[in-house]
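Reader: Could you walk me through the surface and the charged pairs of this model? I'd like the cut-offs spelled out as we go.

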Amino acid sequence: MEGLAHTIETFVGKLGSFAWGPVMIVFLVGTGLVLSLGTRFVQFRRLGLAFKLLFSKHHAEDGDITPFQALMTSLSATIGTGNIAGVATAIAAGGPGAVFWMWVTASVGGASKLGEAVLAVKYRVTNEKGEKSGGPMYYIKNGMQERYGGNWAWLGWAFALFGFIASFGIGNMVQSNSVADAVRSTLGVPTYITGIVLAVATALVIIGGIKSIARVTSKIVPIMAVVYVLGSLIVLVTKASLIPEAFGLIFSNAFTGKAVGGGLLGTVIRFGVARGVFSNEAGLGSAPIAHAASKINDPAVQGLIASLGSFIDTLIICSMTALVILVSGLVQFTPEGLMAIEGGLSGAALSSAAYGQSLPGIGSFIVSFGLIFFAFSTILGWYYYGSKCFEYIAGVKAVEIYKWMWVVLVFVGATTSLKFVWNLSDTFNGLMAIPNLVALLALCPVIFETVRRYEAKEARDVKAAAVAEPVSK
C-alpha cells in the first residue's frame with residue numbers, strides 16, 4: 001500500500017512539474033502577450049474607463065450579480081495566500097528579481113483576464129434554476145463549435161474535471177489550513193475550533209448561492225485590501241529612503257540570476273512567473289466563471305472590468321508585500337552578490353516578520369488577519385468555481401451534494417496535514433490552464449473583434465455627443 005501511495009505521489013509530482021514548468025509558463029505568458037498585442041494593450045490603454053465601468057450603476061437585469069460583485073468574487077478567489085505567502089516564497093526561492101517577472105506576468109495577464117470574461121459573457125447559458133453558468137467549459141464547448149465545428153465538449157469536460165479536483169485543495173483545505181495555523185500562532189486557538197467556526201461560517205454563506213457569496217465577498221475583499229494596502233503604505237512611507245534600493249534590487253536581479261546563491265536566471269523567471277500566475281490566476285480559467293454571472297450584456301464591458309483583476313491583485317497588493325519585505329532589512333546580500341534571508345524565513349513567516357519588524361506590535365497582526373480574511377473569501381469564491389465545474393459534469397441537482405462536501409472539507413483541512421493535498425491541487429490548478437489557453441488562442445479573433453466593435457461604438461457615441469452639445473445649448 002505504501003508503494004502505491006509513493007507511486008501516486010511521484011506521478012502527481014512529475015505532473016505538477018509539467019503543469020508549472022517552463023513549457024506551461026511560456027504558454028501562459030505567450031497567450032497573454034498575443035491577446036495584449038491583438039487588443040493593443042487595452043488593459044492599460046483603457047484602465048481609467050475600466051474603473052469607471054466598475055463603479056457604474058447602469059447594468060442589465062440579465063445576470064445574477066453586479067459587475068462590481070463579479071470582480072470582487074473573482075478577486076476573493078485570487079487575493080489570499082498568493083499575495084502574502086506566495087510573494088515571500090518567490091523572493092526567498094528566486095530572489096528580488098522574481099518580483100519583476102511577477103509584474104510581467106500580471107501586465108500581459110490583464111489581457112488574458114479580459115479575453116476570458118469576454119468569452120464567458122458571450123457564451124454563457126441559463127441553467128435549470130434560472131442562474132447564469134459560464135466559463136471555459138462553456139466557451140470551449142459552444143464557442144469553438146460555433147467557430148470551427150465539431151464536438152469540443154470533451155475539452156470543456158476536461159477543464160471542469162481539473163477545476164473540480166483543484167477546488168478542494170487550492171480553494172478549500174489549503175485555505176482553511178492556513179487560517180487555522182494563523183489563528184493558532186496569533187491567538188492560541190486550537191485548530192479544531194477554528195475548523196468548526198470556518199465550516200459553519202462557510203455554510204451560512206454558500207447556502208444562499210452566488211448572490212449571497214457576492215454580497216459577502218464584495219464587503220470583505222475591499223475592506224481587507226484597503227487595510228492591507230494602508231498598512232503597507234505606512235511601512236513604505238517610514239522607510240521611503242530605502243524604496244529606490246528595493247526597486248534597484250528587483251530590476252538588477254531580474255536579469256542576472258545572482259539572487260539565489262548564484263542560481264540561474266531561469267530560476268528567477270520561473271519562480272516569478274509561477275507565483276504571479278498563482279496569485280492572479282490569469283489564464284487559468286477560474287475568474288471567468290464568476291464574470292459570467294455579471295448583470296452585463298456587453299462582453300467587452302465585463303472584459304474591461306475583469307482586466308482590473310491582475311492590476312489590483314499583483315501590480316498593487318503583491319507589489320506592496322514585496323517592497324515591505326525588501327525594505328525590512330531581512331533580505332541581505334554578500335559582496336559576491338549572494339542572497340541571505342534572516343533566520344532562513346520564507347512564505348507567510350517572512351511576510352509576517354517583515355511587517356512585524358517595520359510596524360512593531362501591529363505589523364504581524366496585519367499579515368495574520370489579512371491571511372485569515374483573504375483565505376476565507378477564497379474559500380467562498382472557489383466554492384462557486386468548483387460548483388459550476390461540477391454542475392457542468394453532473395448537472396444542477398448534484399451541486400447540493402458538492403455543497404455539503406465542501407463544508408465538511410473546510411473542517412478537515414483546518415485539522416489535517418496537507419502536503420499531498422497541496423501537491424495534488426497545485427497540479428490540477430495548473431492543468432486547468434491547458435484547455436483554457438487552447439480556447440483563448442482559438443477564439444482570439446472573437447475577442448479582438450468584440451473589443452474593436454466596442455471601441456468603435458464608443459468613439460461614435462462620443463462624436464455624436466460632441467455634435468449634439470452645441471444644439472442643446
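Reader: Which residues make the nonpolar surface patch?

Author: In this predicted model, a nonpolar patch of about 660 Å² is made by Tyr 192, Ile 193, Ile 196, Val 197, Val 200, Leu 204 and Phe 411. Patches are made of residues with over 30% relative accessible area and no salt bridge, where like charges are joined within 9 Å and nonpolar side chains (Val, Leu, Ile, Met, Phe, Trp, Tyr) within 5 Å. Accessible areas come from the Shrake-Rupley method with a 1.4 Å probe, and for residues only the protein chains shown count as cover.

Reader: Which helix gives the most to it?

Author: Helix 10, residues 191-206, gives the most, with 6 residues; helices (H or I, at least four residues) and strands (E, at least two) are DSSP runs numbered from the N terminus. Val 197 is found in helix 10, and Val 197 is exposed at a relative accessible area of 53%, where exposed means over 50%, buried under 20% and partly exposed in between (1.4 Å probe, protein chains only).

Reader: What about numbering and confidence limits?

Author: Residues are numbered from 1 along each chain as its sequence is written, and side-chain values use heavy atoms, with hydrogens and water left out. Since the model is predicted, local features need pLDDT of at least 70 and side-chain atom pairs count only at pLDDT 80 or more, while totals for chains, interfaces and linings use all residues.

Reader: OK, charges now. How many salt bridges does the structure hold?

Author: The structure holds 10 salt bridges, each being a side-chain nitrogen of Lys or Arg within 4 Å of a carboxyl oxygen of Asp or Glu.

Reader: Which parts does the pair of Glu 131 and Lys 388 tie together?

Author: The closest N and O atoms of Glu 131 and Lys 388 are 3.8 Å apart. Glu 131 lies in the loop between strand 1 (125-126) and strand 2 (132-133) and Lys 388 in helix 18 (residues 363-394), so the pair ties together parts that are 257 residues apart in sequence. Glu 131 is partly exposed at 23%, whereas Lys 388 is buried at 3% relative accessibility.

Reader: And where do Arg 184 and Asp 181 lie?

Author: Both lie in helix 9 (residues 153-187), 3 residues apart, about one turn of the helix, and the closest N and O atoms of their salt bridge are 2.6 Å apart. Arg 184 is partly exposed at 45%, and Asp 181 is partly exposed at 38%.

Reader: Which residues are linked in a network of salt bridges?

Author: Arg 40, Arg 45, Arg 46, Glu 455 and Glu 458 are linked in that way.
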